[in-house]
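Let's take a walk through this model together. Have a look at the sequence and the fold, and then we'll start with what packs against what.

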Amino acid sequence: RSFITDYENLIEEGTAENALKVYNSKKKIIRELEFKSPVKQVMSCRHHEGDAETDKIYILLWNGMLYSVTGAMLMDPEVADTALDLKVAVVEEDDEDEDDDKGEYKGFCVFGKKICIYGNDGLFTADVVN
């Protein structure tokens, strides 16, 4: 059994955590963000080169919601959770129900001004929301 299989089982059972723990370089938890659904994937764009480099962290939830937050703010323990610029990164026209656990998205990537999400229905691309 793999970690991924175990985690998917927790999701299906409804027992997976809905929190994202953020650690500092000394492996100490500096914040814990609560979401309406478990976290599926996290991606940083801080390592990209040239125009694609940006201080953004993207968080995909199991229910398909994709959020962005500024990395420096997320990593600064002096910034309160309520002061973070956490916002929805992709808005779908027919997706107004955040509690709908579709699980249809398998993952995503961000590069420059484009977001690509892949899932059961193929690829979905969108512009980065500023």
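Contact here means heavy atoms within 4.5 Å. With that in mind, find Phe35: leaving aside residues up to four places away in sequence, Phe35 touches Asn18, Leu20, Ile59, Leu61, Tyr67 and Leu86. A quick word on the source: this is a predicted model, where local features need pLDDT of at least 70 and side-chain atom pairs count only at pLDDT 80 or more, while totals for chains, interfaces and linings use all residues. Residues are numbered from 1 along each chain as its sequence is written, and side-chain values use heavy atoms, with hydrogens and water left out.

Now for the cores. A nonpolar core is a set of buried Ala, Val, Leu, Ile, Met, Phe, Trp, Tyr and Cys residues joined through side-chain atoms within 4.5 Å, and buried means under 20% relative accessible area (1.4 Å probe, protein chains only). The largest one has 15 residues, and Phe35, Val39, Ile59, Leu61, Val69, Leu74 and Leu84 have the most contacts inside it. Strands are DSSP runs of E, at least two residues long, numbered from the N terminus. Those giving two or more residues to this core are β1 (19-23), β2 (29-34), β4 (56-61) and β5 (66-70), with β4 supplying the largest share, 3 residues. There's also a second, separate core of 14 residues, including Tyr58, Leu66, Ala126 and Val128.

Next, look at the open sheet of 3 strands, with antiparallel pairing in the order β7-β8-β9. Two strands pair if DSSP finds at least two bridges between them. The edges are β7 (105-111) and β9 (122-127), each pairing on one side only. Strand β8 (residues 114-119) pairs with β9 over 6 bridges, in the antiparallel sense, and Ile117 stands opposite Phe124 in β9.

Conventions. Buried means under 20% relative accessible area, exposed over 50%, partly exposed in between (1.4 Å probe, protein chains only). Helices (H or I, at least four residues) and strands (E, at least two) are DSSP runs, numbered from the N terminus.
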